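Please keep the sequence and the structure in view while reading.

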Amino acid sequence: MKKFVALMLILVFALSLAASAEMPFSYYTHPTKGYSHVYPTEWLTLDPESIGALLEGVSADNAYAHIDLNAYAEQIRTSGMSMFINPNGDNFNVVSLNIGMPYTAQQLVELLMPSLVEQMAAIMNGAEFMVKGDVCKFGDNEYAYVLYNWDGILGAQYCICESGTLYYITLTSNQVNDTWAYLEIQKMFEKVLASFEEK
């Protein structure tokens with residue numbers, strides 16, 4: 001009985017630590033593209049409205065000084081992409097494309113995923129795909145998705161298309177060698193996917 005009580009106390013303590021360590025979230029709405037979702041409050045937000053000021057504000061003592069934010073600037077400006085990044089370089093982004101009609105996640109798996117995997121494999125030579133196209137659900141949202149490991153980077157791309165706009169939501173993490181850190185990133189991203197909605 002004493003062992004059981006001790007184990008229960010350890011479990012309660014571990015759960016309370018996990019709850020207290022949960023990252024805070026804020027709500028994001030894209031300025032022109034008509035979608036919204038949550039994101040970790042402490043992560044940097046890059047979108048067409050913020051990118052210019054952010055690039056000017058990154059100094060040598062900034063937590064993001066070691067990350068080349070300029071590498072994302074042109075894509076953000078031309079595609080309207082939004083991106084969320086932490087000082088470790090873990091990030092996720094959202095790109096939208098108007099295709100004129102809705103598709104279910106299963107239809108996206110069948111119609112889009114084979115060519116997407118082919119394109120990604122050509123760009124990321126040697127990428128190992130753990131999932132080459134499947135359906136998953138977070139909250140009320142169903143996604144077609146792929147998962148890959150490339151050169152020490154774990155990546156996942158999720159696609160959803162409910163009203164004629166196709167959204168690519170991509171996670172990239174360099175936490176491949178730190179299981180706990182990656183699990184925290186994945187838990188965060190599942191909240192993002194569950195909260196995603198069109199406006």
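## Surface and overall make-up

Accessible areas come from the Shrake-Rupley method with a 1.4 Å probe. On that basis the protein chain, which is a predicted model, exposes about 11,100 Å², with carbon and sulfur atoms supplying 56% of this area. Of its 199 residues, 41% count as buried.

The chain contains six helices and ten strands. Among its contacts with a separation of 6 or more, 53% are accounted for by residues 24 or more positions apart.

Three strands form an open sheet in the order 1-2-10, and their pairing is antiparallel. Strand 1 (25-29) and strand 10 are the edge strands, each of them pairing on one side only. Helix 6 packs on this sheet, where it touches strand 1, strand 2 and strand 10, and its direction makes about 160° with that of strand 2.

Strands of a sheet pair through backbone hydrogen bonds, either parallel or antiparallel. Between strand 2 (residues 35-40) and strand 10 the sense is antiparallel, and the pairing extends over two bridges; Ser-36 has Glu-197 of strand 10 as its bridge partner.

## Phe-196, between helix 6 and strand 10

Which loop holds Phe-196? The residue is found in the loop that lies between helix 6 (179-195) and strand 10 (197-198). Because its relative accessibility is 6%, Phe-196 counts as buried, the cut-off for that class being under 20%.

Although Phe-196 and His-37 are 159 residues apart along the chain, their C-alpha atoms are separated by 4.5 Å. When neighbours within four places in sequence are left aside, the contacts of Phe-196 include Tyr-35, Ser-36 and His-37, together with Val-94, Asn-141, Tyr-143, Ile-160, Tyr-167 and Ile-169.

Is Ser-82, a residue with a relative accessible area of 0%, buried or exposed? Ser-82 is buried, because its relative accessible area of 0% falls under the 20% cut-off. Its place is in strand 4, which comprises residues 82-85.

The side chains of Ser-82 and Tyr-35 are joined by a polar contact of 2.6 Å. With residues up to four places away in sequence not counted, Ser-82 touches Tyr-28, His-30 and Tyr-35, as well as Leu-46, Asp-47, Phe-92, Asn-93 and Val-94.

Notes
Residues are numbered from 1 along each chain as its sequence is written. This is a predicted model: local features need pLDDT of at least 70, side-chain atom pairs count only at pLDDT 80 or more; totals for chains, interfaces and linings use all residues. Side-chain values use heavy atoms; hydrogens and water are left out. Helices (H or I, at least four residues) and strands (E, at least two) are DSSP runs, numbered from the N terminus. Buried means under 20% relative accessible area, exposed over 50%, partly exposed in between (1.4 Å probe, protein chains only). Contact means heavy atoms within 4.5 Å. A polar contact is a pair of N or O atoms within 3.5 Å; within protein, one must be able to donate a hydrogen and the other to accept it, and residues adjacent in sequence count only if both atoms are side-chain atoms. Two strands pair if DSSP finds at least two bridges between them. Axes are lines fitted to C-alpha atoms, for helices over the stretch in contact, and angles run from 0 to 180 degrees between N-to-C directions.
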